[in-house]
Amino acid sequence: MATCWQGLWAYRSYLIVICLPIFLLPLPLIVQRKEAYCAYSIILMALFWCTEALPLAVTALFPIILFPLMGIMDASEVCIEYFKDTNVLFFGGLMVAITVEHWNLHKRIALCVLLIIGVRPALLILGFMVVTAFLSMWISNTATTAMMLPIAHAVLEQLHGSHKDVEGGNENPTFELQEASPQKEGAKLDNGQVIRTSSESKVQKTQEHLRLSQGLSLCICYSASIGGIATLTGTTPNLVLQGQVNSLFPQNGNVVNFASWFGFAFPTMVILLLLAWVWLQILFLGFNFRKNFGFGEGEEERKQAAFQVIKTQHKLLGPMSFAEKAVTILFIILVILWFTREPGFFQGWGNVAFADENGQSMASDGTVAIFISVIMFIVPSKIPGLTQFPEKPGKLKPPPALLTWKIVNEKMPWNIVILLGGGFALAKGSEAQAICLHPLYVMLPCTLAASLAFMLPVATPPNAIVFSFGGLKVSDMARAGFLLNIIGVLVITLAVNSWSIPIFHLDTFPTWAHSNTSQCLLSSPNSTTPGP
C-alpha cells in the first residue's frame with residue numbers, strides 16, 4: 001500500500017494534468033454558454049498554476065488553445081495579448097535592469113549610500129532598507145535581495161568579530177541593545193551575591209548578534225517588496241494592472257502611466273518603509289532608542305570596524321568605468337523621459353511632439369524603454385578604440401557594447417513575459433462589469449496587496465532568499481510579518497481613499513469605463529463616491 005501511494009505521489013503531476021480537465025468537463029457540457037466555457041478555462045489554469053503540474057509559462061499558453069476552440073475569442077485576438085504594450089514595457093525595463101546589474105552599478109550605489117548613512121544599529125537597518133527599496137524600484141526584487149544580503153552579513157560579521165577582540169572587559173554599548181552591561185566574572189553585590197558571569201555575557205552577546213542579524217535580514221526582503229511598488233516597472237503586479245486596464249478599457253486615455261503611478265505609489269512606499277523600520281527596530285533592537293542609535297561610550301570602535309568593511313568593498317570596485325558612467329547617464333535619461341512623456345498635469349513631450357488626433361501621446365512608456373535599450377546595444381563599453389585579442393597578438397577588435405544579446409538571453413526571465421501575456425489573454429476573455437464603481441478603486445488595492453506578503457518564506461522570492469540564507473525560523477518571519485501585513489492593509493486603504501483620488505479621479509465613474517458596461521447596479525449611473 002505504501003509503495004502504491006509513493007507511486008501516485010511520484011506521478012502526481014501527470015495525474016493532475018490528465019484528471020483535472022476531465023473532472024471539470026461537466027461545467028461546459030451542462031452550461032453551454034461562453035461564460036461557462038470561459039469559467040472552465042479560468043478554473044483549469046488557476047488549478048494548474050497553484051499545483052505547478054505544468055510550468056507556469058506553459059499553462060499561460062492555454063488561452064491560445066482553449067479560447068478559439070471554445071468560441072470565446074478569435075486566435076488572432078488572443079495572440080495579440082501576449083506581446084502588447086505592457087509586455088514591451090516589461091521587456092524593455094528588464095533589459096535596462098540587466099545592463100545596470102551587468103556593470104555592477106547597483107552595488108556601487110548601495111555601498112555609497114551605506115557609507116553616507118553610517119553603521120549604528122538603527123541607522124544600519126534604515127540604510128539597508130533605503131538602499132534596497134531604491135534599487136528594487138528599478139531592478140527586480142529578487143536580484144536586489146540577492147545582492148544586498150551578502151553585504152549585510154559581511155557587515156554583521158565584522159560587528160560580531162570586533163566584540164570578540166575585547167573579551168576581557170571592554171564593553172560596547174552600541175551592540176548591547178537594551179540589556180545592562182554585565183560585570184566581570186567574580187563581581188559581587190553588596191549582599192555578597194555573585195552576578196552574571198563572563199560566559200553568560202558571551203551568550204547574551206551572541207543572542208543580541210542573532211537578533212540584529214535576523215532584523216537586518218528581514219529588513220532587506222521586506223524593503224525589496226515595498227520598494228517594488230513605487231514604480232510601474234518595479235514589480236510584475238504593477239504591470240499586470242496597467243495591462244488589464246488597457247485591455248478592459250481601451251479608451252482609458254492612458255490613465256495608468258509611469259508618472260501617475262509614481263505619484264500614487266511612491267508616498268505609499270515611503271510610509272510603509274518608515275513604519276516597517278520602526279516595527280523591526282522595536283522587535284529586534286528593543287525600545288532603548290538611545291542605544292539603538294549608538295549613543296554611548298565605546299561605540300566608536302564598533303562603528304569604525306563595520307564602516308571599514310563597507311569602505312573596503314567600495315574600494316574593490318575601483319573608480320567608475322566608462323561603462324558605468326554611460327549606463328548611469330542613460331538610466332537618468334530613461335527616468336526623465338518616463339516622467340515627462342505624459343505627466344497629466346502639464347503637456348509632456350509625448351503630447352507636444354508625438355500626439356494623435358485627440359492630443360494623446362502616440363509614444364508609450366514601452367517606447368521609451370525600448371529606445372534606451374536599443375541605445376545600450378549601440379554604445380561601446382569602453383572609450384572607442386581598438387583592443388587586441390590576448391590569445392592572438394596583432395589581431396584587433398572593438399570593445400563590446402554596454403548590452404549584448406548573449407547577456408539578455410542568459411538573464412531575461414522569458415517565462416515571466418509569457419506568464420504576463422497569459423494573464424492578459426485570460427482577462428480579455430472574461431471581461432464584464434456592472435457596479436459602476438471606478439475600476440481603479442478596486443484594482444489599485446489588489447495590485448499593491450499582491451506585493452505586500454511578509455509572513456511566510458514562500459510568499460515572495462525575496463522572503464525565500466532571506467530564509468534560505470539561514471538564521472531565521474518560520475515563526476520569526478511570521479511574527480515580524482503579521483503586523484506588517486496589517487500595516488500594509490491600513491496604508492493601502494489610506495492611499496486609495498486620499499491622495500489617489502485627485503490623481504486617478506476615483507470619486508467619479510469615468511466615461512471610458514461606460515464602453516464596457518451594459519447597465520449599472522447603482523442608483524446613480526454617472527458618478528460614485530468611494531466608501532470608507
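Leaving aside neighbours within four places in sequence, F128 is in contact (heavy atoms within 4.5 Å) with L114, M148, I151, A152, V155, L216, C219, I220 and S223. This is a predicted model, where local features need pLDDT of at least 70, side-chain atom pairs count only at pLDDT 80 or more, and totals for chains, interfaces and linings use all residues. Residues are numbered from 1 along each chain as its sequence is written, and side-chain values use heavy atoms, with hydrogens and water left out.

**Nonpolar cores**

- A nonpolar core is a set of buried Ala, Val, Leu, Ile, Met, Phe, Trp, Tyr and Cys residues joined through side-chain atoms within 4.5 Å.
- Buried means under 20% relative accessible area, exposed over 50%, and partly exposed in between (1.4 Å probe, protein chains only).
- The largest core has 112 residues, and F128, Y222, W261, F264, L440 and L444 touch the most other members.
- Helix α15 gives the most to this core, with 15 residues.
- Another core lies apart from it and holds 17 residues, including L24, Y40, M45 and A425.

**Helix α4**

- Helices are DSSP runs (H or I, at least four residues), as are strands (E, at least two), numbered from the N terminus.
- Helix α4 covers residues 34-51, 18 residues in total.
- Its first and last C-alpha atoms lie 26 Å apart, close to the 26 Å expected at 1.5 Å a residue; the expected span is 1.5 Å times one less than the number of residues.
- The buried residues of α4 are A36, C38, Y40, S41, L44, M45 and F48.
- Their cover includes α2 (12-23), α3 (26-30), α5 (56-59), α6 (62-69) and α22 (414-429).
- Just after α4, E52 takes a positive phi of about 55 degrees.

**Aromatic rings**

- Rings of Phe, Tyr and Trp (its six-membered ring) pair if their centres lie within 6.5 Å; planes under 30 degrees apart count as stacked, over 60 as edge-to-face and the rest as tilted.
- The structure holds 18 aromatic pairs.
- The Y11 and Y14 ring centres are 5.9 Å apart with planes at 40 degrees, so this pair is tilted.
- Both Y11 and Y14 are exposed.
- The F264 and F504 ring centres are 5.8 Å apart with planes at 75 degrees, so this pair is edge-to-face.
- F264 lies in α15 (residues 258-285) and F504 in α26 (residues 500-504), so the pair ties together parts 240 residues apart in sequence.
- F264 counts as buried at 0% relative accessibility, and F504 counts as buried at 2%.
- Ring pairs link F134, W138, F258, F262, F266, F331, W338 and F339 into a cluster.
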